[in-house]
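Good morning, everyone, and thank you for making the time.

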Amino acid sequence: MASEQKRNSSLRVGVDTGGTFTDFVYKSQGRIRVLKIASTPTDPARAISHGLKRISKETDNPLKSIRVIHGTTVGTNALLERKGAHTALVTTAGFEDVLEIGRQARPELYNLNVVRPPVIVPEELRFGLRERVTSTGEVLISPTEADLRELLERLRSSRPEAVAVCLLFSFLDPRHEKLVSDKLRELEIPLSLSSEILPEYREFERTSTVAINAYLQPLISRYLGKLADNLPLLRVMQSSGGSLSASAAAKEPVRTILSGPAGGVTGALQIARAIGVENIITFDMGGTSTDVSLCDRQGLRMTNESIIAGLPVSVAMMDIHTVGAGGGSIARVDEGGSLRVGPESAGADPGPACYGRSDIPTVTDANLVLGRFGKEGLLGGEFKLDEMKAQDALAGLAKEMSQFAGRAINAIQAALGVIKVVNAGMERALRVISVERGHDPRDFALVPFGGAGGLHAIDLARALGVPRVIAPQAPGALSAFGAVSSDVVRDFSRTVMLATGRESVSAIERSFQQMERESRRVLKKEGFPNKRQKHERILAMRYKGQSFELFIEYNPRRSVALAFHRAHRERYGYSEEGNVVEVVSVRLRSTGITEKLKLEQLERQRSRKIAEPAYYARVVFTEKPVRAPVYRRDLVRAGTKLRTPCLVTEYSATTLVPQGASAQMDSFGNLIIEP
Amino acid sequence: MKQRSKQFDPTTLEIYRALFTSVTEEMGVALRRTAFSPNIKERRDYSCALFDSAGRVIAQGDHMPVHLGSMPMAVAAALRAVKLEPGDVVALNDPYAGGTHLPDVTLVMAVYGGGSSEFGGRVRKISSRQPLFFVANRAHHADIGGASPGSMGVSSDIYGEGVRIPPLKIVRHGEIAEDLMSLLLANLRGQYERRGDFAAQIGSLRTGEMRLLEIVEKRGARQTTEYAQHLIDYSSRIMQSAIRQIPDGTYEAEDYLDDDGIATDDIAIRLRMVIKGKHATVDFTDSSPQVAGPVNAVEAITVSAVSYVFRCLVGDVPASAGLLDPIKVIAPPGTIVNAIHPAPVAGGNVETSQRIVDVLFKALSQAIPNRIPAASQGTMNNLTIGGIDVRTGEEFSYYETIAGGMGARPSLDGLSAIHTHMTNSLNTPIEALEYAYPLRVRSYKIRKGSGGEGKHRGGDGVVREIESLVTARMSLLSERRKNAPYGLHGGENGAKGVDVIIRNSNPQPDPAESARHERIASKGSWLLSPGDVVHIETPGGGGHGSQRHR
């Protein structure tokens with residue numbers, strides 16, 4: 001069929017590289033397919049091309065015609081492990097050490113053995129150039145041709161693989177950075193200019209961002225280049241949600257640092273929107289860390305104050321809050337008698353006690369002792385867990401707790417304590433991204449994913465008053481699903497620094513129009529006609545004198561100052577109507593809307609039907625073990641309700657539904673739980 | 001009763017530990033994001049804490065150590081002086097009534113069940129007649145009046161240092177007390193900025209109140225207040241177990257302040273530390289009498305320094321009142337470590353506090369040599385520059401403390417260009433600084449080779465050069481210009497600090513009018529003409545162990 005062929009010719013595949021599996025999500029013959037291939041950590045591209053070849057054969061699409069959208073952690077990992085390029089940095093003379101001095105503060109107050117995260121550009125690769133622009137944009141000292149030539153020679157002899165350039169106030173006048181880049185072009189190595197990547201004030205944060213970009217450039221462009229050889233239509237998930245072309249990602253890899261997690265959040269949002277839910281909080285709990293984020297009517301929430309691997313990254317990214325706690329977090333009783341969980345993690349080796357190689361009690365051991373994995377254990381039973389070991393580890397912890405409490409505490413009580421403490425940490429993280437940002441959790445649904453998300457989500461929903469939990473099917477493949485359904489997103493911003501008032505309205509309006517004109521042109525070139533474009537206008541505002549802005553949706557018919565006073569009151573508890581209100585920057589978020597994978601609806605059972613459990617097991621929900629039904633997720637049909645309390649198991653995750661909650665499978669295969 | 005109150009659940013204790021700390025952290029975020037002065041919003045020179053109904057501290061954010069140990073005395077003074085009704089906020093800065101030095105203004109608010117505001121539109125279900133808790137924050141205002149812009153100059157009594165605020169209500173029943181506010185603002189430089197900072201401090205207290213009440217509503221007033229007590233006992237137990245790990249004995253040490261900015265004599269801080277079982281006594285009796293210049297420390301600062309040092313010996317515990325339970329501090333009135341009215345104290349908080357820390361660690365290095373670092377830079381290099389900004393016609397007052405070298409540790413080099421011990425304020429970004437003030441930063445670099453040699457090297461200090469673009473008055477309060485930061489166990493001392501004014505520094509040299517380097521004293525005030533550059537080299541940290549073993 002012609003139309004079928006046409007659809008085939010633009011087959012889209014979402015690809016997400018995880019630690020264990022590389023996931024592929026695509027649509028074939030009207031159905032959404034998930035393919036899992038064992039990851040190849042030393043060369044992630046191998047698993048990807050292996051999987052894509054299979055998909056190509058299966059769907060009868062030539063590899064070169066497949067549109068791949070890829071979520072990758074290659075950049076993040078290189079940064080975490082400090083395995084980026086041999087990078088040089090050019091600064092204004094006298095300021096070569098800004099990157100090392102940072103903000104001059106130590107990361108921990110009371111730790112006498114505190115260390116700093118290593119600097120990514122060592123001293124001998126930092127070069128000062130005699131030049132200066134002032135805070136009004138006036139050029140005080142221009143670099144001379146001789147100075148530029150000398151810089152070139154010094155750089156040449158130090159043999160860097162990439163160069164970052166960050167001069168003071170270059171966001172006001174980028175000409176000196178341009179002169180440097182013209183001069184250095186003959187080195188034929190990647191150059192990153194701060195005036196292009198992050199034209200905003202605060203030199204340390206800007207230098208850090210542009211240095212990271214240079215540091216990752218050679219690696220990422222090699223990696224993507226190799227992939228793109230066979231996949232000319234390759235796109236990459238960016239940290240702000242949405243995708244960008246492989247060539248843009250190779251040039252500005254700093255925008256892809258949260259590429260992996262961005263897919264998961266986009267996927268969660270996609271699933272929620274499909275069932276008509278607008279506001280969600282995502283909760284991705286893994287082995288060593290947990291990521292939470294919030295999406296409202298406008299989609300993902302953004303921040304430009306991220307810290308990644310100990311370094312500030314100030315380009316706009318999804319506002320993900322990470323806590324260093326997960327299934328592998330270690331539980332202990334400290335000298336004062338408090339039950340602590342994390343931040344130390346047992347990791348994969350030796351791993352939790354139940355992996356059989358240690359007697360360290362962890363969150364996973366606590367869940368196991370409470371019977372919360374059912375019979376299957378992890379990965380559908382492929383990974384055997386040693387229950388006795390877990391029991392012993394928790395019994396040891398219980399003994400210590402008993403000493404301080406002055407009463408006998410048993411292993412089950414200790415395990416429940418561990419869960420409570422780790423949940424308290426998660427609750428705090430969820431509050432940071434909701435309540436502390438002025439959102440009421442009662443207006444949101446919680447979407448858990450990651451291996452451990454479903455085990456903790458319902459308790460957390462109860463603690464926060466969240467009325468609904470949506471446990472998506474195949475939570476392991478959510479990132480790839482998000483990638484395949486992601487839009488093309490471009491963010492523009494322009495610093496205007498205007499006091500609010502009648503005159504400023506027209507200036508603001510003009511800036512938005514200019515940005516939008518440019519953006520429409522670009523999106524059209526990428527194949528999005530006007531009707532598939534969306535342009536959102538945001539103002540970054542503050543009281544004159546403040547340093548941090550609130551983001552206000554721009555509405556030309558309403559007073560922006562009033563909107564700001566209200567937002568300030570909601571967020572900080574007061575407003576000062578007598579103060580001058582400034583518009584610091586105007587921001588445009590342009591979206592090219594891709595065609596979504598239409599989620600297939602499962603065949604519905606007649607309503608009110610109760611699902612049939614796979615078996616019964618002894619599970620501790622609150623105090624004592626009770627006999628509870630365990631459902632295998634793939635055997636539960638749409639529309640059926642589950643008997644609670646219960647466990648729902650699937651290959652890569654388990655969901656715990658405690659007493660008093662109600663759970664039902666919806667027609668998209670999501671488990672909808674009212675806590 | 002006492003027996004019963006000792007019963008606690010380890011799980012619940014941990015949950016409250018985290019809950020209370022997160023309230024103080026959020027108060028800090030609110031303050032930083034709404035404040036006007038670079039010193040608060042960029043440098044984070046502030047602290048937030050939570051107190052029980054008796055005014056004992058139960059949680060503090062990881063902010064400024066020098067504030068944290070001394071805030072309890074501010075709250076105690078506020079409670080003695082006034083009755084805090086719902087919606088009231090007390091302000092104070094008087095070093096002789098709960099403060100430390102005048103620029104640090106502390107605000108205190110009582111938290112009643114029922115709350116004081118409708119922040120967030122939430123309805124309160126619980127009400128109480130007595131306060132359940134107190135919340136407080138302390139922020140360093142970039143000017144508090146007095147003779148020198150920035151209020152960190154050399155005066156010979158407290159009256160020259162600025163406005164003293166005894167505990168007074170700056171907010172009454174939710175409304176700002178405009179009479180008091182206008183009296184205050186009339187005596188400070190940069191009124192707009194100061195008022196914005198006060199508003200931010202008040203907003204931060206309300207954030208704390210709201211979060212506490214959410215906890216109380218969810219968990220009940222009884223359990224919440226009970227666990228506040230358990231946390232205090234908990235910190236006390238942790239500290240006792242830390243002291244027990246120090247060998248019993250008497251350890252003595254001394255070190256010196258360079259001078260007081262008026263006379264040039266060394267000023268001694270002498271310590272006798274007695275460790276016995278789980279208790280410690282730190283006795284400063286033989287220290288110098290208080291001095292004429294502004295390096296006197298009030299008792300709150302000495303207690304704060306002691307609290308900091310012992311806090312470094314334990315793991316990650318809440319800095320609650322219990323930490324100091326097993327420690328007795330003896331600081332006789334009238335000495336440099338417990339000055340009495342009307343001694344000037346601007347530098348006691350920032351300089352003397354650092355030296356007290358150096359002396360405490362020196363004593364401890366005899367008891368537990370493999371855990372104690374060599375001396376860090378031992379100063380905060382307080383620089384203030386103020387005058388009229390010709391671009392706007394308005395007053396400005398810039399305050400900054402400059403990082404230096406950290407002392408080497410028994411198994412690690414010291415870090416370079418970093419704030420140590422009693423402070424942890426950030427730098428003002430150069431681009432933020434030049435936007436805000438008529439100043440230009442000429443260089444900001446690591447002072448290579450200034451760390452003391454040793455098996456482990458001390459961290460290097462910093463070189464910071466700032467040019468004034470207008471006629472301005474500049475003050476410096478600094479230390480370790482004469483007595484270097486000590487090395488330990490054969491490690492060499494760190495380099496001393498150096499301060500220079502480069503007159504007429506402009507890049508086009510006229511042979512007749514070439515730049516002139518003027519070495520200046522560690523403490524004092526100077527007039528700057530446009531084009532003059534202040535050049536400061538901060539001290540390096542001491543080395544640890546002999547270099548032969550490197």
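This is a predicted model: local features need pLDDT of at least 70, side-chain atom pairs count only at pLDDT 80 or more; totals for chains, interfaces and linings use all residues.

Residues are numbered from 1 along each chain as its sequence is written, chains are lettered from A and ligands numbered from 1 in the order in which they are written, and side-chain values use heavy atoms, with hydrogens and water left out.

On confidence, pLDDT is the predictor's own confidence in each residue, on a scale from 0 to 100. Chain A averages 90, and 97% of its residues score at least 70. Over residues 1-9 of chain A, however, the pLDDT is below 50, and that stretch has 4 contacts in the model beyond near neighbours in sequence, a contact meaning heavy atoms within 4.5 Å.

Let us turn to chain B, where 4 strands form an open sheet in the order 8-9-10-11, with mixed pairing. Helices (H or I, at least four residues) and strands (E, at least two) are DSSP runs numbered from the N terminus, and two strands pair if DSSP finds at least two bridges between them. The edges of this sheet are strand 8 (249-257) and strand 11 (327-330) of chain B, each pairing on one side only. Strand 8 and strand 9 (residues 267-276) of chain B run antiparallel to each other over 9 bridges, and within that pair B:G249 stands opposite B:I275.

What about the cores? A nonpolar core is a set of buried Ala, Val, Leu, Ile, Met, Phe, Trp, Tyr and Cys residues joined through side-chain atoms within 4.5 Å, where buried means under 20% relative accessible area, exposed over 50%, and partly exposed in between (1.4 Å probe, protein chains only). The largest core has 139 residues, of which B:F20, B:F310 and B:F361 touch the most other members. Leaving out residues up to four places away in sequence, B:F361 touches several residues, including A:L112, B:Y308 and B:Y486.

Finally, consider A:R235, which lies in strand 11 (residues 235-237) of chain A. Is A:R235 buried or exposed? Its relative accessible area is 15%, so A:R235 counts as buried. Its side chain makes a polar contact with the side chain of A:S243 at 2.8 Å.

Methods:
A polar contact is a pair of N or O atoms within 3.5 Å; within protein, one must be able to donate a hydrogen and the other to accept it, and residues adjacent in sequence count only if both atoms are side-chain atoms.
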